[in-house]
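Here's a quick tour for anyone meeting this structure for the first time. Take a look, then read on.

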Amino acid sequence: MSAESTEHAISTEAIEDQDDVLSEVQDAGQDTDEGADGSEDRGSSASRLEEEGDVAADYLEELLDIADIDGDIDIEVRNGRTYISIVAEEEAAGLENLVGKDGEVLEALQELTRLAVLSATESRSRLVLDINGYRSERAGELQKLAEDAVGSVKTSGEAVALAPMSAYERKIVHDAVAELGLVSESEGEGADRHIVVSAD
């Protein structure tokens, strides 16, 4: 592996690890944006996320221009994250290519966008990129996956290990499992990191 490839792998892994840590902290009911007096610095946080969205949108717009792909970019800030969506009014094969098989290209593009934000703002980003509603559709699949796993655990009493997935997708499954009354933990490292659902 070249030095450049190694550097990119380390950067991507660091961002993935940060997602895991922040998700676990939030799951534990702690607020990552609290000030010394316990109050949130909402103004600066919102301003930072808006700047993050603008930088990401500029980066993605330039990429779409280079690739000669039509698409509209929407920015939304909610729950302490910036959400960027690229959509097209008509069916655009180019956008589908940016999603790729099982969202692999989308995940890579999201990491590149996060790195672009880091380069411009010197602040790590947890932005979420969606293209043509792929993540919304995937969220429904993950909800069903969580429900099936919970059903299996309740029936057999045995823990169920799910396939590896990204930190963002694991967070969706963790939340779904918790709402259904069972326990879930992330296990494994790197690309093999996955969720295990159990009764306790």
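Two residues are in contact when their heavy atoms lie within 4.5 Å. This is a predicted model, where local features need pLDDT of at least 70, side-chain atom pairs count only at pLDDT 80 or more, and totals for chains, interfaces and linings use all residues. Residues are numbered from 1 along each chain as its sequence is written, and side-chain values use heavy atoms, leaving out hydrogens and water.

| Residue | Touches |
|---|---|
| Leu 129 | Leu 60, Ile 84, Ile 86, Leu 106, Leu 109, Gln 110, Thr 113, Arg 135 |
| Ala 88 | Asp 70, Leu 95, Asn 132 |

Leu 129 is also among the residues with the most contacts inside the largest nonpolar core, a set of 16 residues; Ile 86, Leu 95 and Ile 131 are the others. A nonpolar core here means buried Ala, Val, Leu, Ile, Met, Phe, Trp, Tyr and Cys residues joined through side-chain atoms within 4.5 Å. Buried is under 20% relative accessible area, exposed is over 50%, and partly exposed falls in between (1.4 Å probe, protein chains only). The biggest share of this core, 4 residues, comes from α2. Helices (H or I, at least four residues) and strands (E, at least two) are DSSP runs, numbered from the N terminus. There's a second, separate core of 14 residues too, including Leu 142 and Ile 195.

And Ala 88? You'll find that residue in the loop between β2 (81–87) and α3 (93–99). Ala 88 counts as partly exposed because its relative accessibility is 26%.

Terms used. Lists of a residue's contacts leave out its neighbours within four places in sequence.
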